[in-house]
Amino acid sequence: MAEQQTDPSVGRESNAAVLSAYDDHMMPIWKSLDVPVKRASGCTLEDFEGNEYLDVFSGISVVNVGHGNDAVVDAAKDQLDEFVHGCSYVHPNEPVADLAERIAEVTPGDLQKSFFCNSGTEAVEGAVKLARKYTGSKEVIALEMGFHGRTLGSLALTGNKAYKKGMAPTLNDVAHTAPPYGYRCPRCDGDQCDADCAEELERIIGSHTSGDLAAVVVEPVMGEAGIIVPPAGWLERVQEIAHDHGALLIADEVQTGYGRTGELFASSHFDVEPDILTQAKGIANGLPLGAFTASAEVADAFESGDHLSTFGGNPVACAAALATIDELQDGIVDNASQQGAWLESELQTLEDEYDVVGQTRGLGLMHGVELVDPSETGPQNVAPKPDKDLASAVSEYLREESNVVMGVGGYYKNVMRFQPPLTISRDQLERAVDELEAALETVA
Ligand code: PMP
């Protein structure tokens, strides 16, 4: 047995002490930001040496109502005192009952019944199982470049080989269609990308499936792919094609849900009614919880014993989720919408002024800034080459010089991600934009 090097009862007094335990005893998984966190409040993170950072990434788009939100913390503490666990599928309890009822009220369309799990990937896999049970069909279509999680079922839907390297085989019977990535659309020349690009789905069904389709799974705004917003009419056409083939539309709102895009759910920006809607991330402001919600007709395809989760719908997480929804509806979603409109025009100015800013795009407080090398043409079409190195240098500069934590993402790893807590003030957002501009000036 390895010798114990650190006495766990002694608090760690430096960032290095935390990082070294990670190096020694955590599996060597991607650590993109390296900002150890001792505590956090609102939009501020504090490390183990007292340094403060403005957080514009929200723990990968999770703490939508702010770090340490009082109402959420109090709700969780109250529930901790009452009852922590009994398995919500064995012992019916009030937080789960209340949350299921509340989700039926606040989700778009006629979604009435939920299943609770612990994460986004579980929500997606559960949704696919339900779609298979309801339709009696098996195959699934997702979007190239899309992200739906990393367990083997969801990984099959995730349309990016970077996440699959060394991990195959995954779930069979998944095909992928083109994403609505206008800037690098494989089908048309960039800015003309429109609803017609959804017709690619028809071609994929025709040539890459047997037609035995259970579901088409789509993120209404693609997150990990680089904050990609579909053109008008695209999602509506996808829904139509899915239904024409007897498939359900699963909207994966794990990242877009709970106010992120300036609506409680991003599907509401479009004229669609998803058959199943997946949720996680922002649902309980950081407590682990996932869900998928369907109409009563679809949900009732599940029979007793078809699906279960020991921890799913933990009462403490559900109590936190109820408080999160209250907070969101008490002005925080509106703040996301207003600050998002301001952010959009500020980022457009950056796009106009800097050659290295290829495109800026987003909805609400989910915006991406795609960085490029203007001297070289990139893949797919006339858009310049993605500049992954610049994005990581900008992120590092922001962290080291400006104490701003901003995520980097995108299929090509060249997109700066503005996904702050939705409580962010105009001053804080202005600081983040100014610091991004300073970083571009210095690093580019
Ligand atoms: N779906 C989407 C759209 C996501 O963005 C993510 C996480 N980035 C997932 C699913 C997987 O969620 P989790 O990491 O909680 O499994």
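Student: How many bridges join β11 to β12 in this predicted model?

Tutor: In this predicted model, β11 and β12 run antiparallel. They form a hairpin with two residues between them, and Gly-364 in the turn has a positive phi of about 60°. Gly-362 has His-367 of β12 as its bridge partner. The number of bridges joining β11 to β12 is six.

Student: Which residue of β16 is the bridge partner of Glu-370?

Tutor: The strand β12 also pairs with β16, in the antiparallel sense and over four bridges. Within β16, the bridge partner of Glu-370 is Val-415.

Student: Which residue in β13 does Val-372 stand opposite?

Tutor: Strand β13 covers residues 384-386 and pairs with β12 in the antiparallel sense over three bridges. In β13, the residue opposite Val-372 is Pro-386.

Student: Which elements give two or more residues to the side of domain 1 that touches domain 2?

Tutor: The chain is divided into domain 1 (15-68 + 331-443) and domain 2 (70-328), and their C-alpha centres lie 24 Å apart. The contact takes 35 residues from domain 1 and 35 residues from domain 2. On the side of domain 1, the residues divide into 15 nonpolar, 17 polar and three charged. The elements that give two or more residues to this side are α2 (58-61), α10, β11 (357-363), β12 (366-377) and β16 (415-418).

Student: Which residues does Ala-131 touch, not counting residues up to four places away in sequence?

Tutor: With residues up to four places away in sequence left out, its contacts are Ala-214, Ala-215, Leu-248, Ile-250 and Ile-276.

Student: Which helix contributes the largest share of the shell around the ligand?

Tutor: Of the 15 residues around the ligand, Gly-120, Thr-121, Gly-149, Val-254 and Gln-255 come nearest. The shell divides into five nonpolar, seven polar and three charged residues. The largest share, three residues, comes from helix α5 (residues 120-135).

Student: Why does Tyr-258 count as buried?

Tutor: Tyr-258 lies in the loop between β8 (248-252) and β9 (276-279). Its phi is positive, about 60°, although Tyr-258 is not a glycine. A residue is buried if 20 or more other C-beta atoms lie within 10 Å of its own. Tyr-258 counts as buried because its C-beta neighbours inside 10 Å number 30.

Student: Is Lys-413 buried, exposed or partly exposed?

Tutor: Lys-413 is found in the loop between β15 (407-409) and β16, and has a positive phi of about 55° although it is not a glycine. Since Lys-413 has 17 other C-beta atoms within 10 Å, it is partly exposed.

Student: Which strands are the edge strands of the open sheet of four strands?

Tutor: The open sheet has the order β1-β2-β3-β14, with mixed pairing. An edge strand here pairs on one side only, and the edge strands are β1 (39-41) and β14 (404-405).

Note on methods: Residues numbered from 1 in each chain as written. Predicted model: local features only at pLDDT ≥ 70, side-chain atom pairs only at ≥ 80, totals over all residues. Near = placed C-beta within 6 Å. Nonpolar A, V, L, I, M, F, W, Y, C, P; charged D, E, K, R; others polar. Contact = placed C-beta atoms within 7 Å. Domains from an automatic or database assignment. Pairing = 2+ DSSP bridges. Buried ≥ 20, exposed ≤ 12 C-beta atoms within 10 Å, placed from the backbone.
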